Amino acid sequence: MAEAEIGLIGLGVMGSNLALNIAENGHRIAVFNRTTSRTGEFHAQAGSLQDMVVPCETIEDLAAAIRPPRPVIIMVQAGQAVDEQIAHLRGVLSENDIVIDAGNANFHDTMRRFKDLENSGLTFIGMGVSGGEEGARHGPSIMVGGTEASWKRVEKVLTAISAKYEGEPCVAWLGTDGAGHFVKTIHNGIEYADMQMIAEIYGVLRDGLGMGPKEIASVFATWNKGRLNSYLIEITASVLAADDPKTGKPMVDMILDRAGQKGTGKWSAIEAQQLGIPATAIEAAVAARVISSLKDERVAAEKAYGMGVSPVSGNRDAILADLELALFAGKIAAYAQGFAVMSAASEEFDWNLPLPTIAKIWRAGCIIRSQFLDTIATAFNAGPVANLLMAPDFVQMMKEANPALRRIVARAAEAGLPTPALSSALAYFDSYRLGRGTSNLIQAQRDFFGAHGFERIDADGAHHGPWGSGAAG
Ligand code: 6PG
């Protein structure tokens, strides 16, 4: 049998789907799973793709089946399992072979692994893969970090299996070591913000306007035809329209309001803080998931306060139009934050991240895919800007959309409806667009109690205030 082009370890749902995608696109793939019966099962179920799959009982067999330099994708749970597989592969692979971690790894781990493997003659790719199970099978968005030489070895396979946006493959080499996993992390941070803002709007529709799931589904379905057109809006409409087979009630009403999280959103927020970049909508979305998990406390607090939610009154069509535009404005702010974090990380870690390319490879395949990302790619391609909010097209869009965001956040606040991500997005926008803020007072306070000094508006250097001997307490 001809040599395999690539190998894959870990035949869970994502690994299996990725392997079938590779096979289907004409590249022979060697596969290995720790529980060997799974490998046989996978091969047996590969149908017409069986000839393109080489089932291997040991990692040694896997290595022997692949054309050198051998790329081996690891698709196992992020964390210790990845290190275990790497340790195992180290003893089997040879000089210049490429270990590819396709899980949702913390990019700091990726940087460590990259360095460790470099020292041992192997090379490492940290590869962000977005699109869930469907994407893995039929075309994900792929974010690659590693050496350019290792990318060249796998470029053909990854290009073949990636999603395509108007014919353009949604895969790119984004930089060395942790670049790919970092970009995937920020993708997920933005995903958190996007999802949270959609959920907040759903809350206004459900609790403020008293609409039922089916009615709300049709609102989202309509919005999906306009500027909000995206995968997340599309699936929101589908989710809201679905019934629970068990009870016949709307499925969404039978789901406990307690969100899970695997960590990538939190990593985005932590990294934004580390880099000194405000990513308030992402942070708010992470915090909202945490608050959601405090179900028992929330139920007790509802009893203690007994306030409930007031209806949002007014012309329904006008409110719906505002909600659509508010969501769009919130989205702009959240993406501006995510891209600002990537821009800062690019400098910090010397990655030279290509922001227009990142926007382009997110246009299809990934969870946040949308038409909107094409607009972002165009804006970044037009020339560098300090922040997406400063790209001329976005200035126009935000001028048009921010009044609606303001009205919705204000109405929601009055009604007692929480909109943490939308209101953070608005506060971010307002803080960003004002040349004169209020931190002169913060500086005065810092100087008063800590003699930290401040800059004057009319002179250079550090200065102190006339606080006298009562200061520095
Ligand atoms: C994707 C998703 C994917 C996964 C996340 C969800 O891009 O395909 O983001 O990576 O669904 O793990 O993350 P949470 O479990 O943290 O919501």
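Is R137 buried or exposed? R137 is buried, at a relative accessible area of 14%. Here buried means under 20% relative accessible area, exposed means over 50%, and partly exposed covers the range in between, with a 1.4 Å probe and protein chains only.

The model is a predicted one, in which local features need pLDDT of at least 70, side-chain atom pairs count only at pLDDT 80 or more, and totals for chains, interfaces and linings use all residues. Residues are numbered from 1 along each chain as its sequence is written, and side-chain values use heavy atoms, with hydrogens and water left out.

Salt bridges were counted next. A salt bridge is a side-chain nitrogen of Lys or Arg within 4 Å of a carboxyl oxygen of Asp or Glu. The count comes to 24 salt bridges. One of them joins the side chains of E5 and R153, at 2.9 Å from N to O. E5 lies in the segment before β1 (6-9) and R153 in helix α7 (residues 148-161), so the pair ties together parts that are 148 residues apart in sequence. Helices (H or I, at least four residues) and strands (E, at least two) are DSSP runs, numbered from the N terminus. E5 is buried, with a relative accessible area of 18%. R153 is buried too, at 12%.

R137 has its own salt bridge, to E24, with the closest N and O atoms 3.2 Å apart. E24 sits in helix α1 (residues 13-24) and R137 in helix α6 (residues 132-138), so this pair ties together parts that are 113 residues apart in sequence. E24 is partly exposed, at a relative accessible area of 45%.

A further salt bridge links R316 and E215, at 3.6 Å from N to O. R316 is in helix α14 (residues 316-348) and E215 in helix α9 (residues 213-223), so distant parts of the chain, 101 residues apart, are linked. R316 is partly exposed, with a relative accessible area of 35%. E215 is also partly exposed, at 39%. Elsewhere, salt bridges that share partners join D83, D101, D109, R112 and R113 into one network.

The ligand site was examined in turn. Around the ligand there are 14 residues, of which S130, E191, Y192, K262 and R289 come nearest. A residue counts as near if one of its heavy atoms lies within 4 Å of the molecule. The shell divides into 2 nonpolar, 8 polar and 4 charged residues. Helix α8 (residues 179-208) gives the largest share, 5 residues. Domain 1 (6-177) and domain 2 (185-433) both give residues to the shell, so the ligand lies between them.

An oxygen atom of the ligand lies 2.7 Å from a polar backbone atom of K262. For G131, a backbone N or O atom is 2.9 Å from a ligand oxygen. For G132, the corresponding distance is 3.2 Å. Taken alone, the ligand exposes 410 Å², and the protein buries 80% of that. Accessible areas come from the Shrake-Rupley method with a 1.4 Å probe.

Key. A polar contact is a pair of N or O atoms within 3.5 Å; within protein, one must be able to donate a hydrogen and the other to accept it, and residues adjacent in sequence count only if both atoms are side-chain atoms. Ala, Val, Leu, Ile, Met, Phe, Trp, Tyr, Cys and Pro count as nonpolar, Asp, Glu, Lys and Arg as charged, and the others, Gly among them, as polar. Domain bounds come from an automatic or database domain assignment.
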